[in-house]
Amino acid sequence: MGERTMTKEQQKEYEKRKREMRKVLEIIKDLPISEEWINRFTKMAIYRNWRKLTEPKQKRLIAIAGIDSPSVATIVDQKHTKIGTDRIFEIATIVTDEKDRAMICNYLLEKSWRDAKRDILLIISRYADKAA
């Protein structure tokens with residue numbers, strides 16, 4: 001089997017992505033959160049190929065880690081779901097009952113995002129209605 005080689009453009013793009021990923025991982029490492037959550041978010045960044053970590057997104061990550069919910073931690077640890085940090089932030093901050101967070105977690109573990117989305121959004125909306 002022959003080795004695959006990259007063109008100069010592919011090599012430049014690869015190096016650029018590597019630098020961007022290093023920056024993201026350095027930002028995560030410096031967040032004021034526990035080592036456990038740093039490890040979670042580092043894996044999440046790698047699996048989801050984060051190329052930028054804006055200040056608002058950093059604040060959401062800090063808030064998510066501050067909730068320290070086992071169900072939210074399981075959602076963050078999932079590799080198969082592409083649920084975004086905005087939605088995880090909503091689950092961590094709006095949904096206050098751990099039983100409902102666990103239900104959301106189970107939906108994500110048992111179903112695809114497309115199939116689970118409606119049920120999850122209904123749970124979130126119940127809490128949003130209570131807050132209004």
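Start by selecting H2 and helix H4 (residues 70–77) in this predicted model. The two pack at an angle of about 30 degrees, which is under 35 degrees, so they count as roughly parallel to each other. Their axes are 9 Å apart. To see where they meet, show the side chains of Trp-37, Arg-40, Phe-41 and Met-44 in H2, then Val-72, Ala-73, Val-76 and Asp-77 in H4.

Stay on Arg-40 for a moment. Its side chain meets that of Glu-36 in a salt bridge (3.2 Å, N to O). Both lie in H2, four residues apart, about one turn of the helix. Arg-40 is buried, with a relative accessible area of 13%, while Glu-36, at 47%, counts as partly exposed.

Next, move to Arg-48, in the loop between helix H2 (35–47) and helix H3 (55–67). Other residues in contact with Arg-48 include Gln-78, Thr-81 and Ile-88.

Now select Glu-20 and Arg-51, a salt bridge with its closest N and O atoms 2.7 Å apart. Glu-20 lies in helix H1 (residues 8–29) and Arg-51 in the loop between H2 and H3, so the pair ties together parts that are 31 residues apart in sequence. Glu-20 counts as buried at 14% relative accessibility, and Arg-51 as partly exposed at 28%.

Notes:
Residues numbered from 1 in each chain as written. Predicted model: local features only at pLDDT ≥ 70, side-chain atom pairs only at ≥ 80, totals over all residues. Heavy atoms only, no water. Contact = heavy atoms within 4.5 Å. Axes fitted to C-alpha atoms, helices over the stretch in contact; angles between N-to-C directions. Parallel < 35°, antiparallel > 145°, perpendicular 65-115°, else oblique. Salt bridge = Lys/Arg side-chain N within 4 Å of Asp/Glu carboxyl O. Buried < 20%, exposed > 50% of the residue type's maximum accessible area, 1.4 Å probe, protein only. Lists of a residue's contacts leave out its neighbours within four places in sequence.
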